[in-house]
Amino acid sequence: MGASRSNLILGLLIVAFSLLLLFVWVPLDTETGLIEKVRRQVTIGDALAPTVAGLFLLIGGTILVLFERKAPQQPTVGLSSLGFIGAVALVLIVSLFAMRYAGPALVAIANLASDTPQEYRLLRDAIPWKYTGYFLGGSAMLVGLISLVEGRIRAVTVAVAIAAVVVLIILYDLPFDDLLLPPNGDV
Amino acid sequence: MGTLDYVWLGVQAVFQGPEAFSVLGLGISITLVMILSGFLLGIAVGATPGLAGPIAMAIALPILISTFGYTPDALLPVMGFLIGVMKGATVGGAVPAILFNTPGTPDAFMTTLDGYPMTKKGQAKKALRVAHFSSVSGDTFSDIVLFVCAPFLALLVESYLDLPEKTALLILSLSFIAAVIGGSPAKGLISVGLGLLAVFIGTGEDFYPRLSMGTPQLSQGFPIATAILGILIVSAVFKELEDLWVEKRRSGKIELTSQSGDQRLHMADIRRLFPYIARSSVIGTAIGALPGIGSTLAATLGYTIGRGRYEKRKGADDPDFGEGAPEGVASTEAANSSVSGANLIPVLSLGIPGNAAAVFLILAAESIGGFNPGPSVFRFTADTVNPELVVAFGLFTSMFIANVLNWTIGGVFMRSMGVMVRVPKQFLLPIVLLLTLTAVYVQEARMAAIWFTLGFGVLGYFMRSVGISPLPFVIAFILGGKLEESARQAFSATGGDPFFLFNNPIALAFMLLSVGVIVVTARNARKAE
């Protein structure tokens, strides 16, 4: 059986990325070059350090291609891994959006029924508003990830998730006045 | 101020710090309480499969910093807690390895080889006692070496190494770490390169934040907590979740064996085990003193060398290594436990972290301020008090106290932690993820930090998937700023000499070694094909 080609592919990708970094990204996206002359004094410019990083990548990629191409037991990223991390990313994105916008959304809904419209920003230190986003988003994240791994949604999962989020709120928010739970630092 | 005065001030800083409560009129300092809590938490975390010391440190750090604030007074309680976790997790890791054949920490894998067979023969308690005794002996030995060597090495570095040499030393440690972690120098270099690139984004001295592509999100750079927690913790959670997802309840039930016979550890046992413990402790300490070489290698080496000795001397009825020999457990545990103390030698004397626990100690010191691990810590000033040196001796005292706790109550607490293995991982890991993200948010107070952390988590997941160790990334991220700063200073101090790294013998030797270590390991890797 032919050896795996994952080291070769990885090495080539890294070499390509490092060349892109060295010759396109670094020169275009830094203000000073490798070495600068300021008032007749020579100093190191902002481009040198990222160039060193790029050289580490270039050397590493080259060794991978030239010397470790045929190394035994090369791990690969299969389609199922991509599917798994994609599903995890989906759960995280949905739950973090819930975390970020559930509080303001709830305030907007409450405003429909009230004569004095309120703003989430001003309520973010008031119970229950300040816990809305974290509670919903956090529970959604836990239920989503646990159910993804178990392949089914169980009542006990939901109960554990809610209990865990409550414990986290008790742990981080109740004892400290200066700590802000997500998303209350942003709104 | 003589050396002994400093030692005494450090001891006092631990025992006479702010008082937590008093027993019979005797004040118990908050640092002592924190060391004890960290230690107990560490054992529990080490005993839980899927968790490890760094996770507990990551989650506890923001809570600790909020509790104690950003003053130098916070240093000893916070770092004492982390040291407690580090030591507790080291002994705790042996529990599930021995009782259930599932190592609680990666280092404890070799412990399963003889520990679990001992359990199956009904000697679980004895195996736990052997593991505890060997682990604590190794740890104590390693700490003594640390106390003696770190100040000495630091003074040596301060008096012989100037700016160009220090720059070259940082390059050497990066290339050494790249070469030795993970068994592939190429992948180690890639990990280092990615870590350096990440830390250089958005930083620099110019008005325009470099490599930020004009975006405000990148212009402040990545906060250090997002990179470290993302790459180390979040990626590990993703990877473990994937393993669970793949295996999805394939494994069977936990079998219970009834335990019988003499479970105690006698003086005769200790006398028999002692040569194995001593050898492994020396091996572990020597390996731990080099940055980047982990306890896994120490455990493997200790076990192999222990087996060589055992085969020559064992009686006809004694079990072989791998079939439940207490000597096997002792060789492994002494070796992997003696790494942790020695691992702080490069941290305290050079500011170079060698493992994940050291990374979190540096993170704590950087967040709180007032203590910069590195050679300047050990400046023995005669007329004024060097507060950093007091903290350093305070840390040594904390390690010593943690060892005393380990010798006294550690064994009992450890043996009661067998229940932790029943905590289901599929519940635990997502909760750890949410905890980590919350910990990042309460420090940074912006959603962007959570996205950065997850981004680093996905990057770390792919790195782990293709066999690139994430540890060199983290170490490069921590050292990157220091490397650039010392290079800038060395460059201007030498009057803009572009060859400042090659002009003096020590710097040149470091540079040659950095190239040499990569070349040698790359050739060995090729031979292994």
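Helices (H or I, at least four residues) and strands (E, at least two) are DSSP runs, numbered from the N terminus. This is a predicted model: local features need pLDDT of at least 70, side-chain atom pairs count only at pLDDT 80 or more, and totals for chains, interfaces and linings use all residues. Residues are numbered from 1 along each chain as its sequence is written, while chains are lettered from A and ligands numbered from 1 in the order in which they are written.

**View 1. Two cis peptide bonds in chain A.** One cis bond joins A:Pro182 and A:Pro183, with omega about 0 degrees. A:Pro183 lies in the segment after helix 6 (155–172) of chain A. Another cis bond links A:Ile127 to A:Pro128, again with omega about 0 degrees. A:Pro128 sits in the loop between helix 4 (120–123) and helix 5 (129–150) of chain A.

View 2. Strand 1 (residues 35–38) and strand 2 (residues 41–44) of chain A run antiparallel and are joined by 4 bridges. Two strands pair if DSSP finds at least two bridges between them. A:Glu36 stands opposite A:Thr43 in strand 2 of chain A. The hairpin has 2 residues between its strands, and A:Arg39 in the turn has a positive phi of about 45 degrees.

**View 3. The side of chain B that touches chain A.** Here 57 residues of chain B are in contact with 59 residues of chain A (C-beta atoms, placed from the backbone, within 7 Å). Helix 9 (185–200) of chain B is among the helices that each supply at least two residues of this side. Helix 9 of chain B gives the largest share, 10 residues. This side of chain B holds 36 nonpolar, 10 polar and 11 charged residues. Ala, Val, Leu, Ile, Met, Phe, Trp, Tyr, Cys and Pro count as nonpolar, Asp, Glu, Lys and Arg as charged, and the others, Gly among them, as polar.

**View 4. Positive phi in two loops of chain B.** Most residues other than glycine have a negative phi. B:Met213 has a positive phi near 55 degrees. B:Met213 lies in the loop between helix 9 and helix 10 (216–219) of chain B. B:Met213 is partly exposed, with 13 other C-beta atoms within 10 Å. A residue is buried if 20 or more other C-beta atoms, placed from the backbone, lie within 10 Å of its own, exposed if 12 or fewer, and partly exposed in between. B:Ala445 has a positive phi of about 55 degrees. B:Ala445 is in the loop between helix 18 and helix 19 of chain B. B:Ala445 counts as partly exposed, with 17 C-beta neighbours inside 10 Å.

Note on methods:
Two residues are in contact if their C-beta atoms, placed from the backbone, lie within 7 Å.
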